Amino acid sequence: MRIVILDGHAMNPGDLSWIPLEEFGEVIVHDRTAPEEVVERLEGAEVAITNKVRLDRETLDRLGALQYIGITATGHEIVDRDAAREHGVTVSNVPGYSTPSVAQMTIALLLELTNHIGLHAAACREGAWSRNPDFCFWERPLLELQGKILGLIGYGAIARAVVPIAHALGMHVAATSASRTSGNDGAVRFAQLPVVLRECDVISLHCPLTDETRGLIDSQALGLMKPTALLINTARGALLDENAVAEALRRGRLGGCGVDVLATEPPSPANPLLFAPNCVVSPHVAWATTASRQRLLDCVIDNLRAFLAGTPQNVV
């Protein structure tokens, strides 16, 4: 069996091992694959492993030997699943592998916005503390989270993992989701979206990107939020109207923003969030802890093993 990994570098830049895949056959690893290289590299392969390399209908029509596609991610929009089914190709993804790491990044972005650790560390390196006449200084006001309300938009596994961390910081938690807008779940209060936007001190996005949620946080939604509110996005970049968020930050209509995702990745150098005041941008790395990537690789291997045993799992 020929197994071709199309873009292995994103998941495994060299600190993990592909060797366990070799029990199933010949393994060919490409760090990156350009669109025009896909068909040539998959010619004769029974198994394709991909993270962001697209496998569309035109491509699948040309890959007669292909039997299985393993996606090294949870999202599966890169594969034309209808075409795959028509060709008898099984497609599996990896759900849930990054939940602890993304929850951790959610809180890390929040703490950066409240404590400005990076800003103050940079100021110290530049000599600001050494030059200061007092024993301490701060560049921006510091915010205590005790007693603040965290609003979760979406209430899947990652949002639920954020809840106990927020409680440990002394925060109250409200949430809204497509399936629940009222009642309580332990110490989490559910409400409709406008109520969560109006009442919460921090808004954190954990919902999927759909036609209904694209641009969810736009000028209208921002107008409902407290001007001191902090906005966190570790879900999908296109949930934000990035121009509207940047404008709200510039006008003092939003207290701060921390994002690990942008609508286009890599972003244009002109992306407005890269230059907006009090906006922290990290390069889509919430999922990328070593532990998370190892869980991802382990599940990719388990998915392939299950497929070859005739009991495919995590099929999308």
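The legends below describe close-up views of a predicted model. Residues are numbered from 1 along each chain as its sequence is written. Local features need pLDDT of at least 70 and side-chain atom pairs count only at pLDDT 80 or more, while totals for chains, interfaces and linings use all residues, and side-chain values use heavy atoms, without hydrogens and water.

View A. Strand β11 covers residues 230–233, strands being DSSP runs of E with at least two residues, numbered from the N terminus. Leu230 and Ile232 point one way and Leu231 and Asn233 the other, all of them buried (under 20% relative accessible area, 1.4 Å probe, protein chains only). Strand β10 (residues 202–205) runs parallel to β11 and is joined to it by four bridges (strands pair if DSSP finds at least two bridges between them), with Ser204 partnering Ile232. On the other pairing, four bridges join β11 to the parallel strand β12 (residues 256–259), where Gly256 is the partner of Leu230.

**View B. The largest cavity.** Its volume is about 30 Å³, and it is lined by Ile5, Asp7, Gly8, Met11, Trp18, Ile49, Thr50, Asn51 and Thr72. A cavity is a set of points on a 1 Å grid over the protein atoms alone where a 1.4 Å probe fits but cannot get out, and lining residues have an atom within 4 Å of a point; points are joined across faces, edges and corners, and the volume is the space filled by probe spheres set on them. The lining divides into four nonpolar, four polar and one charged residue, with Ala, Val, Leu, Ile, Met, Phe, Trp, Tyr, Cys and Pro counted as nonpolar, Asp, Glu, Lys and Arg as charged, and the others, including Gly, as polar.

Note on methods. 1 Å grid on protein atoms, 1.4 Å probe; cavity = no way out; pocket = protein on both sides within 12 Å on 5 of 7 lines; lining within 4 Å. Buried < 20%, exposed > 50% of the residue type's maximum accessible area, 1.4 Å probe, protein only.
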